[in-house]
Amino acid sequence: MVTRDERIRLVNGYNLEISELEPQDAGDYVCQISDKVNKDQVHTVEILVPPSVRAIPPTGQVTARKGGAVTLECKASGNPVPSIYWTKRTGMGKSASKIGEGPVLSLERVERQQAGVYQCTADNSVGDPVTVDMRLDVLYPPDISVEKSWIHSGEGFEAQLECIVHADPQPTVSWNQNSFPLQPTDRRSMSSRGNRHTLTIRHVQQEDFGNYSCVADNSLGRSKKYMEVSGRPGPADFLSPPWSRSTDSFNLTWKVESYPPLQEVRLLYRKLMMNETFQQPGRWNDVILTPTPRPPSEPLTHVMAFTLRGLQHSSVYEAIVQAKNRYGWNEVSDIFQFYTQRISSDTHSEEMQVASSTSRSGATSLHRTPPTSTVFPWTLMAAVLSLLASFIGTSGGLVAYTRSMQLIG
């Protein structure tokens, strides 16, 4: 044996031992025995190597523009050859399900939501899988969203306008009122926390009502969102459950937010004509209401109720509400659907019994007739005697008397 590698030695005669194996130790090893005739014995050594992986480029940083295409690449080694798959790290630091396989991950028409950390994982079942992180930055112009486009306030109170801005590169954000730039004052301040930008107006005055805009700029573009600060009432919210306990009435309850007192409330309702194939709304019925002053403990919320009567049973109705204060009418509320009760079978049977009793007795009362008694009613006796008297002296008197007695029986 000719070698200068101290890791390789002969043991127990002709056995070859290799310590601290390295990948390059793999290959064919030949044992030669010379005894007039050369005899060779070949041993093939395969080295199992755990996977390793690296990002391309080595920095692991990749940048793309919104709407463009981008390629993420990693390279793995090991024996057996590792399999490679891709995942994206979620907001909680955990990886989601697989989004691709192979050393290259291609993304087309990239959106800003696709920015983040991608993980390339190599696995060949020799040891644990290994992962390398790659960060994708997506450059895009500002994208603005608002939680409220209509802000209700009142004179002497406070108003807060908020817009949420996403952009890369980082944007500059400014505020306008009626297209004129705003600057901080003793009543007006601007603040930012992360992506959330806030304009606060304290001790609101008449001139503070109007249209505002949140404007964001970066090197890739500009975006703008509009909001309104108004003293008009907020839209009405219905509080009633949709199912009535009555067959012909419904109690509507709603609330309206308004800093000034309400001056007038308009309630409209209509019946829906419905069957299995179509839905046809009826004509609106208009009710004008005068609100009562609210308690001092509730300076903002007005709760009102009104009972609709004369409705049809087993029917579907719709209602809307609109309110007015000294700044004007608010937006019409969302449509509220409600339902009247069916006439139960017991009630229907009782009504039929009452109607039948009324028909037989000839009375106008709709109360149920008392149970039949063996005692002869004195009022009915008087009616029979009167009827008998009217027929005395006529040929039909006896017949009428007999029919009356049969009716009593």
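These legends go with close-up views of charged pairs and disulfides in a predicted model.

**View 1. R196 and E162 meet in a salt bridge.** Let's start with a pair of charged side chains. Side chains of opposite charge can pair when their charged atoms come close. Here the closest N and O atoms of R196 and E162 are 2.9 Å apart. The two partners come from distant parts of the chain, 34 residues apart: R196 belongs to strand β18 (residues 196-201), while E162 sits in strand β14 (residues 159-168).

**View 2. E147 joins R196 and E162 in a network.** Stay with the pair from the previous view and bring in another residue. Salt bridges link E147, E162 and R196 into a network. For the whole structure, a search turns up 13 salt bridges, and the one between R196 and E162 is among them.

**View 3. D217 pairs with R222.** In this salt bridge, the closest N and O atoms lie 2.6 Å apart. How accessible is each partner? D217 has a relative accessible area of 22%, which makes this residue partly exposed. R222 reaches 58% relative accessibility and counts as exposed, because anything over 50% goes in that class.

**View 4. R270 and E318 form a buried salt bridge.** Between R270 and E318, the closest N and O atoms are 3.0 Å apart. This pair, too, ties together distant parts of the chain: look for R270 in strand β23 (residues 264-274) and for E318 in strand β27 (residues 316-325), 48 residues apart. Both R270 and E318 are buried.

**View 5. C74 and C120 are joined by a disulfide.** Now for the cysteines. How many disulfides does the structure hold? There are two, and the one shown here joins C74 to C120, with 1.9 Å from S to S. The torsion about this S-S bond is about 50°, so the disulfide is right-handed. C74 lies in strand β7 (residues 70-79) and C120 in strand β11 (residues 116-123), so the bond links distant parts of the chain, 46 residues apart. Where do these cysteines sit, buried or exposed? C74 has 2% relative accessibility and counts as buried; C120 is buried too, at 0%. Both values qualify because buried means under 20%.

**View 6. A disulfide also joins C163 to C214.** The S to S distance for this pair is 2.0 Å. With 45° about the S-S bond, the link between C163 and C214 is right-handed. C163 and C214 are both buried. Counting bonded cysteines along the chain, the disulfides of the protein follow the pattern 1-2, 3-4.

**View 7. C31 is a partly exposed cysteine.** What is the relative accessibility of C31? The value is 27%. C31 therefore counts as partly exposed, since 27% lies between the 20% and 50% cut-offs.

How values were computed. Residues numbered from 1 in each chain as written. Predicted model: local features only at pLDDT ≥ 70, side-chain atom pairs only at ≥ 80, totals over all residues. Heavy atoms only, no water. Salt bridge = Lys/Arg side-chain N within 4 Å of Asp/Glu carboxyl O. Helix = DSSP H or I, 4+ residues; strand = E, 2+ residues; numbered from the N terminus. Buried < 20%, exposed > 50% of the residue type's maximum accessible area, 1.4 Å probe, protein only. Disulfide = S-S within 2.5 Å.
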